[in-house]
Amino acid sequence: MSLRRSISLAIISFLMFLLTVPLFASAKSVEEMEASTVLIICGDMNAGSFGIGTGFVVGDGGHVVTNHHVIACAEEGQPVSVLLDPNNNIPAAVIWASPVKDLAVLQTQVNLERPAVTFTKAEEIKKADRVFVMGFPGAAIDSRVVDFSAMTEVKVAEGIISAKVMSIDGVALYQTDAPINPGNSGGPLFTENGAVIGINSSASLAATEIFDETGEKKIDRIRLGDNIGWSIQADELLVELDQLGIRYELEDRKETSNGGGGLQGTLTLILVVVAVMLAGAAVVLSLTKRGRVMVREVSRRVLPGSQQMKPHDAQQPGQIIQPQASVPSYNKTAVPYLIGTSGQYSGQKFKISQPITLGRNPSSSQLIFSVSDISGTHCQVGFDSLNRQFYVIDLQSTNGTYLANGQRMHPNSKYPLQSGTSFYLANPGNGFTVRLENM
């Protein structure tokens, strides 16, 4: 019996090692980064009067971020579109833009079926971090490129973060030595793990007068310095996506490996050694009476059949909050409803056949609000038919989703609710109750 327990502890030690490996998740491939990067057209391609820029997919695949100056022609009534390939030009509408931040968000007529990017905030980024610039530099499209499809092929360049700076307008920027050329504007600045940290905006250029062979004066742009480019920090964008109700995923900084070496290789080696030592210690302990008691006690606590996590232990964002009491039984034909108790939908009843999203944005919400303290995509209410239980998820709303007792829900956490439980959005004036009603 003691040997079985010691083997069990050894297995547990090894499993603990395996669980730590995902902390060093593999980086996205260049192909995955390219798939999120799209070509922006501003103007009429058929008339031959248009400009190009770069954008990247966010949210549910129907939104694209780019620079304001890339889509400036829209302010003159010109069309904007996303060109996925020579035969697939998708119209888009500008739903938000800021000339100060030089950022814009587009909504396409159809879902692009491209993966949305993930983001890493500036506080995670350090000088000399390696970065990739993805986009469509205009200088790469000239008379030597005879294949039109090459226009929609993403070009890749790399460099490092040189500095974090602030523009004269108070916009946070990265200075990078990665090549940023006209056409790259609005494109993503990726970490080597594949998370977006910036939106490429400009290079260090200045306008100047030149004369061609005939003596005609033209305006051209020259570089003021080599390897100096500017990218708007993604943090400047994320606050706007929050206001628009467009969901996104954040990634912490990850250390990458290089052929099994570096930090990951070192930590992996340490973890293997620790796992082996724990397994050996378990075997040695099992040979003594006191050791057998220790092994048995540890096994009892961590092997299947041991005590389960208490409800208050699951109170971290992203985890399921366990119910505090058993769920009352209802007729199998009972129907789940969301019922308004105060505010805009007071007295109205909505059958929950599919999860219902509540918010101000009509493109992403089914229950649409007109009050400003509700976020674009505020929260989601659903019903788990298997467990016969309601749930609410706050979708990173600005002003929060609350239980009836005033407890604010953690963003992106699933809160199971019993029939008859109340909650509210932002303030008690936007109240709801969930209820099962027998047929």
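## The open sheet

Five strands, in the order E18-E17-E26-E25-E23, make up an open sheet with antiparallel pairing, where a strand is a DSSP run of E of at least two residues, numbered from the N terminus, and two strands pair if DSSP finds at least two bridges between them. At the edges lie strand E18 (349–351) and strand E23 (401–403), each of which pairs on one side only. On average, neighbouring strands of this sheet are turned by 30° against each other, with direction ignored; the axes behind such angles are lines fitted to C-alpha atoms, for helices over the stretch in contact, and angles run from 0 to 180 degrees between N-to-C directions.

Within this sheet, strand E17 (residues 335–340) and strand E26 (residues 431–437) run antiparallel and are joined by six bridges. Glycine 340 has phenylalanine 432, in E26, as its bridge partner.

## How the model was read

This is a predicted model, in which local features need pLDDT of at least 70 and side-chain atom pairs count only at pLDDT 80 or more, while totals for chains, interfaces and linings use all residues. Residues are numbered from 1 along each chain as its sequence is written, and side-chain values use heavy atoms, with hydrogens and water left out.

## The barrel and its helix

Six strands form a closed barrel, running E1-E2-E3-E6-E5-E4 with antiparallel pairing. Neighbouring strands of this sheet are turned by 40° against each other on average, direction ignored. Helix H3 (residues 234–244), a helix being a DSSP run of H or I of at least four residues, packs on the sheet and touches E2, E3, strand E5 (88–98) and strand E6 (103–108), contact meaning heavy atoms within 4.5 Å. The direction of H3 makes about 40° with that of E6.

Strand E2 (residues 49–58) pairs with strand E3 (residues 63–66) in the antiparallel sense over three bridges, and phenylalanine 56 has valine 65, in E3, as its bridge partner.
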